[in-house]
Each structure stands twice: as C-alpha cells, then as structure tokens.
Amino acid sequence: MRNYTPLDRVVMEMDKAVRTVFASPPVTERPNPADARGDAELNEEERRRVAGLMRVNHAGEVSAQALYQGQALTAKLAEVRGKMERAALEENDHLAWCEQRLGDLGSHTSVLNPLWYAGSFALGALAGLAGDKWSLGFVAETERQVVKHLEEHLERLPPQDHKSRAVLEQMKEDEGHHATTALKAGGAELPEPVKQTMRLTSKVMTKTAYYL
Ligand SMILES: [Fe+2]
Ligand SMILES: [Fe+2]
C-alpha cells in the first residue's frame, strides 16, 4: 500500500464526502431489494409519511458513511479498516436504495445532509482516536440503535408498501451483521452515558430529517 501525504488524504476524504452527499458513491453487487416488489397504492398522507421515514433513513446512512470514513482515517490497525470496509460499502447500498425510494415517492433527501455528514465524520474520527476497541464499540452501538429504529419504522410503514419494507428489512439485517462484525473485531461495550448521548443525538437528527 502506498503512503499518502496528509494533503492527499484530505483531498481523498473531501472527494468521498462530496460523493456521499451530492452524488452516488460506489455500491456492492447486490440488487435493490425494492426491485423485486410491486408498487403499492399510497394516499397523500401515506406517501408523505413514507417519504419522511425514508428521508430519516437516508440521512442516517449519510451519517453512517461519515462515521466509517472518519473512523478509517484515524483507525490504527489496518486490519480494522479492512474488516469494516465491506460494511462501509454496504452502507452505500443502503444510501442508494433509500435515495431511489425517495425519488419514486416524488420526495427529496435531507437538505441538512452536509451537516449530518460533518458531525458524524468528526465523531467517527474522535472515536478512532480513542482507540480501535472504542471506535469499534461505537460502530456496534450505532448499528444496534439503527436496528431499533428500523424496527420502529417497519411498524409505521403502510402495510401495502412492500418496496419500502423490502429495503428496510434488508438494511436491518445488514446493520445487525455490522454490529456483530464490529464486536468480533474487538469492539468494547460503551459506557451507558455515552450510549445515552448517542440516543439523544440521533433523536434530534431523526426528528429534523423527517421534515427537512
Ligand atoms: Fe446502513
Ligand atoms: Fe451499518
């Protein structure tokens, strides 16, 4: 592997950030789970509700990207980076699937995405600085909280919306795996106050991104 100068790294990170927020970052070989499902009749209230939920999930995926990238920047072990690489790539799938669903619903992604990205990148980098076991623990806890969110969202989806359901179900499965991967790679259990702060932060984000 070649050695990058600090300036190389800054440019590379900015490229990733711009791609995540404004364009399409690279995805895996997996098809969009929504493609296999038929379209459903949604009334205006339902369409808005689903769009709000999918916008929250999309914003969450932008944050997940930033978190992984911030962490990769400061992670000490190359092994840790490698292990989390597939997870980061799968987050790009989630990002693309949510964005496509939002487009199908005639809606838009969160206008605050650059803000979510910047905040999460800083958090990821900080967690990485604290050491690999903490940063992996941070990932594991984030993923666990996302799984809980997705469960709530699955309940709030109109029952006939099989497309959104297929996307969220696959995401839920993936996030569960990401949590396990992070723990197996050596992630530590975070102190309860940290977990609580994370829950609070994500509450602010989810409430805002539903509308904006
Ligand atoms: Fe994800
Ligand atoms: Fe994930």
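A residue is called buried when its relative accessible area is under 20%, exposed when it is over 50%, and partly exposed in between (1.4 Å probe, protein chains only). The structure is a predicted model, in which local features need pLDDT of at least 70 and side-chain atom pairs count only at pLDDT 80 or more, while totals for chains, interfaces and linings use all residues. Residues are numbered from 1 along each chain as its sequence is written, chains are lettered from A and ligands numbered from 1 in the order in which they are written, and side-chain values use heavy atoms, with hydrogens and water left out.

Helices are DSSP runs (H or I, at least four residues), numbered from the N terminus. Helix H7 comprises 20 residues, 192-211. The expected span of a helix is 1.5 Å times one less than its number of residues.

Lys195, Met198, Met205, Thr206, Ala209 and Tyr210 of H7 are buried. Seen down the axis of H7, these buried residues fall within an arc of 125°, so they line one face of the helix; the arc is that of the directions from the helix axis to the C-beta atoms. An α-helix has 3.6 residues a turn, so residues three or four places apart point the same way. Pro193, Leu200, Lys203, Val204, Lys207 and Tyr211, on the other side of H7, are exposed. The cover over the buried residues of H7 includes helices H2 (44-74), H4 (113-130) and H5 (132-156), where contact means heavy atoms within 4.5 Å.

The whole structure holds 12 salt bridges, each defined as a side-chain nitrogen of Lys or Arg within 4 Å of a carboxyl oxygen of Asp or Glu. One of them joins arginine 30 and aspartate 174 at 2.9 Å, N to O. This pair links distant parts of the chain, 144 residues apart: arginine 30 is in the loop between helix H1 (6-22) and H2, and aspartate 174 is in helix H6 (residues 162-184). Aspartate 174 counts as buried because its relative accessibility is 3%.

Within helix H2, glutamate 45 and arginine 49 lie four residues apart, about one turn of the helix, and their side chains form a salt bridge of 3.1 Å, N to O. Glutamate 45 is partly exposed at 48% relative accessibility, as is arginine 49 at 22%.

A further salt bridge joins lysine 172 and glutamate 151 at 3.6 Å, N to O. Lysine 172 lies in H6 and glutamate 151 in H5, so the pair ties together parts 21 residues apart in sequence.

Terms used:
Helix = DSSP H or I, 4+ residues; strand = E, 2+ residues; numbered from the N terminus.
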